[in-house]
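This briefing goes through one protein model, topic by topic. Keep the sequence and the 3D view open while reading.

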Amino acid sequence: MPLRNPVFLDMATLAAHGEYNDVVVPRAAEIVEKTVSKRGGTMGVGIGAATLGGTLGKDIEFQASYSLTPTDKATVSRLIDGLHTQGVIQATTGSTPYARGELLELEGDASVTGCSIAAKLFYLALQVIRETDQSLDDLDTDALEPQFLALAKDVYLGNAALPIPLLMELENTELTPRVFLNLAPDHFVDSAATDRVEGHIQVLGSISQLVAENRYLTAEHWLLHGWEQTMRRTLMTRVDEMVADLVEAFDVDLPNDDVRAYFTGPAIVLDAIAVY
């Protein structure tokens with residue numbers, strides 16, 4: 001098996017699968033210290049207190065990222081090879097029935113879904129709402145400082161990964177169902193940027209959801225991460241309207257038909273463990 005070069009890695013989960021299945025590696029799999037990458041000089045821009053009754057007073061946070069040595073990469077590859085040898089990673093064919101919790105290693109073309117792009121807007125709106133007297137229905141971006149709006153737009157249009165889970169779709173795999181990838185925060189390697197997990201990739205993941213034909217997968221977990229449960233239920237009934245309002249408020253471009261509150265089956269959701 002070739003040496004894998006992960007760009008996304010949940011090492012704790014990979015090591016747990018190895019330990020549970022008696023996969024022996026030559027060294028303890030305690031990898032890396034996390035570091036947080038922020039855009040210096042543009043953080044912590046406030047909001048006008050006279051108009052909104054407060055200030056934002058906090059940075060826009062980004063995901064933490066790992067660092068891996070060449071020896072660490074060899075450890076990761078040996079763990080995955082061992083899981084293959086033990087038959088833990090399932091074969092991938094179009095007609096094979098799968099169960100939740102099983103491991104799959106897939107190859108295909110990955111792209112960020114429209115709902116995860118829109119989730120950036122909902123995240124930015126939530127930061128404003130949490131520390132001001134505004135609500136989502138009357139979000140007044142005209143009252144925000146131009147520097148904050150510029151930063152928000154830069155975050156939205158850029159590849160920096162906000163501290164929210166990412167939903168991607170993996171196409172052109174060997175499987176018949178649609179394949180979605182759930183990437184939890186803080187597991188990027190070297191730099192937390194979404195474009196590093198787009199394009200042609202290989203992914204090792206654990207099946208977290210199986211969506212049957214004519215059934216639906218809700219995008220609530222990714223679209224409205226961090227929102228209070230009751231508010232999430234309310235917003236999910238009018239996602240199109242809310243996205244249109246936020247696009248106008250933050251002066252960005254996102255066609256409404258790119259955002260899906262629900263995805264139709266048959267589909268599989270993989271919790272990504274490693275992307276390479």
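Two residues are in contact when they have heavy atoms within 4.5 Å of each other. By that rule, 81% of the contacts in the protein with a separation of 6 or more are between residues 24 or more positions apart. This is a predicted model, in which local features need pLDDT of at least 70 and side-chain atom pairs count only at pLDDT 80 or more, while totals for chains, interfaces and linings use all residues. Residues are numbered from 1 along each chain as its sequence is written, and side-chain values use heavy atoms, with hydrogens and water left out.

**Overall content**

- The protein has eight helices and twelve strands; helices (H or I, at least four residues) and strands (E, at least two) are DSSP runs, numbered from the N terminus.
- Of its 276 residues, 52% count as buried. Buried means under 20% relative accessible area, exposed means over 50%, and partly exposed is in between, using a 1.4 Å probe and protein chains only.

**Helix H1 and its surroundings**

- The buried residues of H1 (residues 11-20) are Met-11, Leu-14, His-17 and Gly-18. They lie on the same side of H1 because they cover an arc of only 130° around the axis, where the arc is that of the directions from the helix axis to the C-beta atoms.
- An α-helix has 3.6 residues a turn, so residues three or four places apart point the same way.
- The face of H1 turned away from its buried side carries Ala-12, Glu-19 and Tyr-20, which are exposed.
- The elements that the buried residues of H1 pack against include H3, strand S1 (8-9), strand S3 (64-66) and strand S12 (267-275).
- After H1 comes Asp-22, with a positive phi near 60°.

**Two helix pairs**

- Two packed helices are described by the angle between their axes and the distance between the axes. Axes are lines fitted to C-alpha atoms, for helices over the stretch in contact, and angles run from 0 to 180 degrees between N-to-C directions.
- H1 and H3 (residues 70-85) pack at about 40°, with their axes 10 Å apart. H1 is therefore oblique to H3: angles under 35 degrees count as roughly parallel, over 145 as roughly antiparallel, 65 to 115 as roughly perpendicular and the rest as oblique.
- On the H1 side the contact is made by Met-11, Leu-14, Ala-15, His-17 and Gly-18, and on the H3 side by Val-76, Leu-79, Ile-80 and Leu-83.
- Seven of these contact residues are nonpolar, two are polar and none is charged. Here Ala, Val, Leu, Ile, Met, Phe, Trp, Tyr, Cys and Pro count as nonpolar, Asp, Glu, Lys and Arg as charged, and the others, Gly among them, as polar.
- The axes of H4 and H8 come within 10 Å and cross at roughly 70°, which means that H4 is roughly perpendicular to H8.
- Ala-118, Leu-121, Phe-122, Leu-124 and Ala-125 of H4 meet Met-242, Val-243, Leu-246, Val-247 and Phe-250 of H8. The residues of this contact are ten nonpolar, no polar and no charged.

**Helix H7**

- Arg-232, Leu-235 and Met-236 are the buried residues of H7 (residues 229-236). Their arc around the axis is only 100°, so they sit on the same side of H7.
- These buried residues pack against strand S10 (216-218), helix H6 (220-223), helix H8 (239-250) and strand S11 (262-264).

**Backbone exceptions**

- Most residues other than glycine have a negative phi, and most peptide bonds are trans.
- Asp-186 has a positive phi near 75° and is found in the loop between strand S7 (178-183) and strand S8 (188-189). Its relative accessible area is 26%, so Asp-186 is partly exposed.
- Asn-214 has a positive phi of about 65° and lies in the loop between S9 and S10. Asn-214 counts as exposed because its relative accessibility is 65%.
- The peptide bond from Gly-265 to Pro-266 is cis, with omega near 5°, and Pro-266 is in the loop between S11 and S12.

**Two buried residues**

- Ser-116 lies in helix H4 (residues 114-130) and counts as buried at 4% relative accessibility. Leaving aside neighbours within four places in sequence, Ser-116 is in contact with Pro-165, Leu-166, Leu-167 and Trp-222.
- Ala-193, in the loop between S8 and S9, is buried with a relative accessible area of 14%. Its C-alpha atom is separated by 9.6 Å from that of Val-7, 186 residues apart along the chain.
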